[in-house]
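Q: Hey, can you walk me through a structure? I'd like to go bit by bit.

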Amino acid sequence: MIKIDGVWKQYKLGNTVDFTKTFREVIAERFSSPKTSSNKSESFWALQDINLSIQSGRTLGLIGHNGAGKSTLLKVLSRITKPTKGKITIHGSLSSLLEVGTGFHPELSGRENIYLCGSIMGMSRRDIDLRFEQIVDYAGVEKFIDTPVKRYSSGMYVRLAFSIAAHVEPDILVVDEVLAVGDKEFREKCLGKMDDVAQSGRTVIFVSHNMASISSLCQDVAWMNHGEIIEIGQSNKVISSYENSLHKDTVKNRANNIFKGPLAEKLKLTSMTIQGKVDVYSTRVNADEELEISASWAVKERLLRLSIYLVFHVGETRIMTLVDDKLGKDANGEFTTIFRVPANTFRNADISISVDALERERGMWCWAKGIGNIIFSSDDNPHPGYSEDSLFHRGSGERIILD
Amino acid sequence: MTKVVTVIDSDNQGILSSLREAWEFRELVIILAMRDIKVRYKQTALGVAWSVLQPLFMMLIFSILFGRLAKIPSDGIPYPVFVFSGLLIWNFFSAGIASCSNSLAGSAAMVSKVYFPRMVIPIASIGVSLVDFLISSALLLILMTIYAVNPSWQIILVPFFAVGTFTSMLGIGLWLSAITVTYRDFRFIVPFMLQIWMYITPVIYPVSFIPSDYRWLLYLNPVVGWVDGARSAFLGTPISWLPIFISLLMSLLLIMVGLRHFTKAEQRFADVI
C-alpha cells in the first residue's frame, strides 16, 4: 500500500537547467551582499499538494501532458529525489523502471550486465543466480550471453534490459513511459509482462501517453496537470474526460491566452494546423513522414520586418527552432507561415511547441510557451530512451539552435 | 506476512541510517568495483601489465631525477626501494581521491534514474586503486629482494596503515564527490591539488629531510603518518608514532566531516546532476 500525504516538489531552475553558475560565481556571491544574490534563481513547483492512496494489488495509470509532473511523482516515489514538503509511506518493496538499461556497461558481457543491472535494481546475488536462466530466456539472448553488450543489436539490448527489470519482482512496480522504445512486438511483450505482474497481486504504477495501453492495463487512472491531480477514478472515465479536454483545449485559444510581451496586443494567432489537424492541442504524427505546421496570423497594425519562430522543446530544454523571416518587407492584415520538419528529425519523442514573434524593426517580442504537443511515433526506434541523441536525428536547413 | 515500510519525507537522512543502508548494498559496492576493474584494461594491448609498468616507470624516473641527480637522501635505503615504498601509499591515496571525486558526476545517468544508497558509488570507485595497491605491494617485495632489504616483523602492520590511508581518502573523497556534482570546477582543481600535495608529503624525500623545527607543519598533512608508517613497516626501519597518531586523529575527523557533508548533500544529487 502506498499513502501519499500532501507532497510538494520544488525545482530551482537556476540549478537544474544551466550550469552557468560556476564555483567562481558562487564565491563572488558569498562575498557580495546577501540581499542581491538570494532571489536570483527562479523556481517552480513540479508537484503541488499530491494526496493519493493506492491499495495493494491495484494498477494505477498516470496521464497528463508533458511537464504535468508525472515523472517527478515517480521519481519521488522511487526515492531518486526528495519531496520538498509532505510525506509518503510505502508498505512493501518498491522497484522502479524509469529507463530501460540503467547502469548497463557497453564493454561488459550480457552475463556481467545482468549481475550489474540486477544489483543496481536491488536484487541480491542469490536472487539473480536463481532467476538468471529466466532472464536470459525471456530476453532470448542465450547465444550472446558472453558477448559485450556493445555488440548487441538495439533490439537485443532493450530486451535484455527489460528482462532484468521484469524479474526483480518487487511488491510495487513503478514504470515510466519506457515502453515507447523498441518495436511493436517488444512493446506488446512488455505490456503482457506488466499485466502478469499486476495479475499476481502486485501494485503497479504506470505512466504512458498511450491511452490504449493505459486502459488495458490500469484499473484506476489519475490525470495530472501542472503538478496537481485534477481527476482520479475508474480508468475509462478519467481517460475520456482527459481526451475531451484535449479537443477543447485548442492551440489557438492557448496561444492567445498566454501570449506575453509587448507585441502580444498587435498580433493574434487565428489558427494553427499540425499535419492537417486544425487547432488540436496534442497531435500524434508519424516520425517517418515530413511534418507540416502552418500558423495563420492576424495583424492589427502594420508590423515591420516580422520574424516568426517555432520552438520545439522537451521540458525546459529547447531542442530545435524553426524560423520564418521571409515575410517580405512587412506583415499586414492576415498571413500564414508554414514550417516543415523533415522526416525522422525526431523519433519516438514527445515534444512541446512554442511560438515566438519578433518585429525586428523595433525589437518588439511576444511569445507563447507550450501551446501544443506533438508525439512523433515510429515503430522501429533504434535508440532506447529519450536521450538527446534519439530526439535529434537530423536538422532542417533553416534551424538555429538557441541557448 | 511482514513487509518493509519505507517513509519518504523532506527530512535529511542521518549518518547512521545512511551507513546502515550502504551496508545493505555491500554486494553492489563489490559489483560496481568489479565492473571498473574489468573495464579498465578492455581494449588495451598490454592489459593488466599497465598496473605493473606505471609504478615501475615512475620509480625509475624519480630514482634518476631525485636519487641520482638531486641526491636526495633516503635514510640509508637504496633510493629505488625507498621511493617505491612511498609511492605505494601515495598512489593508493591520490588515485583513490581522483576516482572518488569524479565518481558521482560520472554516474549521472544512474543517479537520476534509479535509487540506491548514493554512497555506494564513491566507495566502489576506490576498488581500482585498491587492486593497484596490492599489485604494487607485491612489486615492492620483489624490489626489496633484489636490493637485499630485509623486512622485519613490522610488515604485519602494513594493513593497519592501508586502512588508515583508506579512511582519510574516503573522508576527502566523499566530500569532493558530493561537491563535484554541483561544481564541476573540482574536476580541474583535484588533479592540480593532488600534484602539489605529493610534494608536501614525504614520498620522494624522508621526514628527516625537513628541518626538525618545521616538522610539526609536515605532520598536519593527514597522509604523512600513513606514508611514513607504511614505509617503515615494509622496510623494517624504526616507526615514529607521533605522525601516525596525528594522522589517525585527522583521518577520523575527515571521515566524519566527509560523511556529514555527503549525507547532507545527497538529497539534492538527482536534482542537480
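**Chatting through the model**

Q: What kind of model is this?
A: It's a predicted model.

Q: OK, how many residues of chain A are in contact with chain B?
A: On the chain A side there are 42, and they meet 29 residues of chain B.

Q: Which helices and strands of chain A supply at least two residues to that side?
A: Helices H1 (13–16), H4 (70–77) and H5 (110–120) do, and so do strands E4 (85–91) and E5 (94–97). The largest share, seven residues, comes from E4(A).

Q: And how do the residues on that side divide into nonpolar, polar and charged?
A: You get 15 nonpolar, 18 polar and nine charged.

Q: Back to E4(A). Which strand of chain B do bridges join it to?
A: Strand E1 of chain B, residues 5–9. There are five bridges, and the two strands run antiparallel. Thr89(A), for instance, has Val7(B) as its bridge partner.

Q: What holds paired strands together in general?
A: Strands of a sheet pair through backbone hydrogen bonds, either parallel or antiparallel.

Q: So what's the order of the sheet with E4(A) and E1(B) in it?
A: The order is E2(A)-E1(A)-E4(A)-E1(B), an open sheet of four strands with antiparallel pairing. The edge strands are E2 (43–54) of chain A and E1 of chain B, each pairing on one side only. From one strand to the next, the twist averages 20 degrees.

Q: How many bridges pair E1(A) with E2(A)?
A: Eight, in the antiparallel sense, with E1(A) covering residues 2–12. In that pairing, Ile4(A) stands opposite Leu52(A) of E2(A).

Q: Which helix packs on the sheet?
A: H4(A) does, touching E1, E2 and E4 of chain A together with E1 of chain B. The direction of H4(A) makes about 65 degrees with that of E2(A).

Q: Switching to helices in chain B: at what angle do H11(B) and H12(B) pack?
A: About 135 degrees, with their axes 7 Å apart. H11(B) is residues 224–235 and H12(B) is residues 241–265.

Q: Left-handed or right-handed crossing?
A: The crossing of H11(B) and H12(B) is left-handed.

Q: Which residues meet there?
A: Among them are Val224(B) and Trp226(B) from H11(B), and Pro243(B) and Ile246(B) from H12(B). By class, the contact has six nonpolar, three polar and one charged residues.

Notes:
Residues numbered from 1 in each chain as written. Chains lettered and ligands numbered in written order. Predicted model: local features only at pLDDT ≥ 70, side-chain atom pairs only at ≥ 80, totals over all residues. Contact = placed C-beta atoms within 7 Å. Nonpolar A, V, L, I, M, F, W, Y, C, P; charged D, E, K, R; others polar. Pairing = 2+ DSSP bridges. Axes fitted to C-alpha atoms, helices over the stretch in contact; angles between N-to-C directions. Left-handed = near helix turned anticlockwise from the far one by under 90°.
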